[in-house]
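Visitor: I have a model open and would like to learn how to read it. Could you walk me through some of its features?

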Amino acid sequence: SVLNIRALSYEDMKEAIELKIHCWTEELQGVADNDLEFDSEFFFWTDWMYKAKEHHDIRILLGAYQEETLAGVLFSSIAEVFDGEYAFELNGLWVKEDYRGQGIAKKLIQAAAIQFEKEGFKDMIAYCHHLAPSNAFYKHLGGKVIRTEKQMDGRLEVDIFKIPIHQLLSGDL
C-alpha cells in the first residue's frame, strides 16, 4: 500500500502524542519510568507547533499514513546553534511497531530534510538515548556522535548525533 507523508494537523496531534507516549517506555529501556501524561504532552506539543514564528523557528511536524492509518510521526525544528549553525533538530520520531522495518522513519526524515535543505540547512541533529534501539538506526544513517550528555537527573545517557543532510538524501541509505 502507498505511504502518504503529510503535515500533521491539530486534529492529528492526539494520535501522534498517544504514539509518542507509547514509544517512550521502549526508549527509556527501564532506566526511568514513563511518567508522560497525555494532557500535558498534548498541550505542550500543540502549543509548540503553532509558535514557530514567535520563536523565529521553523517547525515541521509530519505524519506517515498507510491508507488512513497513522504509521509514524516526526517533529523537527531549527537546532540550537551549539549543536550546529546550519542544522535542524529531530525533536521526535516514532513509528508504530507493526510498521517498523519498512523504511518509514527514513522516509519521514528525508521529507523533513528536503524542506530544511531548501532553507539552507546542512545537517540534522538527533538526541537519542544511548541504550534505545533507535541508537543503531542513527548510526546506520551515518550519524556521528558529537557529544554525550546525562539527562533525567543523570540516569539517562543521551548521544547527540550529527548527520549531513546530503547523506540523508542520498540513495545509499
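**Reading the model**

Guide: Let's begin with Asn 135, which lies in helix H4 (residues 134-140); helices here are DSSP runs of H or I with at least four residues, strands are E runs of at least two, and both are numbered from the N terminus. This is a predicted model, where local features need pLDDT of at least 70 and side-chain atom pairs count only at pLDDT 80 or more, while totals for chains, interfaces and linings use all residues. Residues are numbered from 1 along each chain as its sequence is written, and side-chain values use heavy atoms, with hydrogens and water left out.

Visitor: Is Asn 135 buried or exposed?

Guide: Buried means under 20% relative accessible area, exposed over 50%, and partly exposed in between (1.4 Å probe, protein chains only). Asn 135 has 3% relative accessibility, so it counts as buried.

Visitor: With which residues is Asn 135 in contact?

Guide: Contact means heavy atoms within 4.5 Å. Leaving aside neighbours within four places in sequence, Asn 135 touches Cys 128, His 129, His 130, Asp 159 and Phe 161.

Visitor: Phe 161 stands opposite which residue?

Guide: Val 145, across from Phe 161 in E7. Two strands pair if DSSP finds at least two bridges between them; E6 and strand E7 (residues 156-164) pair in the antiparallel sense over 7 bridges.

Visitor: In what order do the strands form the sheet?

Guide: The open sheet has 7 strands, ordered E1-E2-E3-E4-E5-E7-E6, with mixed pairing. At its edges are strand E1 (3-7) and strand E6 (144-151), each pairing on one side only.

Visitor: Which residues of H2 are buried?

Guide: In H2, that's Glu 41, Phe 42, Trp 45, Thr 46, Trp 48 and Met 49. These residues are on the same side of H2 because they cover an arc of only 155 degrees around the axis, the arc being that of the directions from the helix axis to the C-beta atoms. The face turned away from the buried side of H2 carries the exposed residues Asp 39, Phe 43 and Tyr 50.

Visitor: What about phi: which sign should I expect?

Guide: Most residues other than glycine have a negative phi. Here, His 56, in the loop between H2 and E2, has a positive phi of about 50 degrees although it is not a glycine. Glu 67, in the loop between E2 and E3, also isn't a glycine and has a positive phi of about 60 degrees.

Visitor: Are His 56 and Glu 67 buried or exposed?

Guide: His 56 counts as exposed at 73% relative accessibility, and Glu 67 is exposed with a relative accessible area of 55%.
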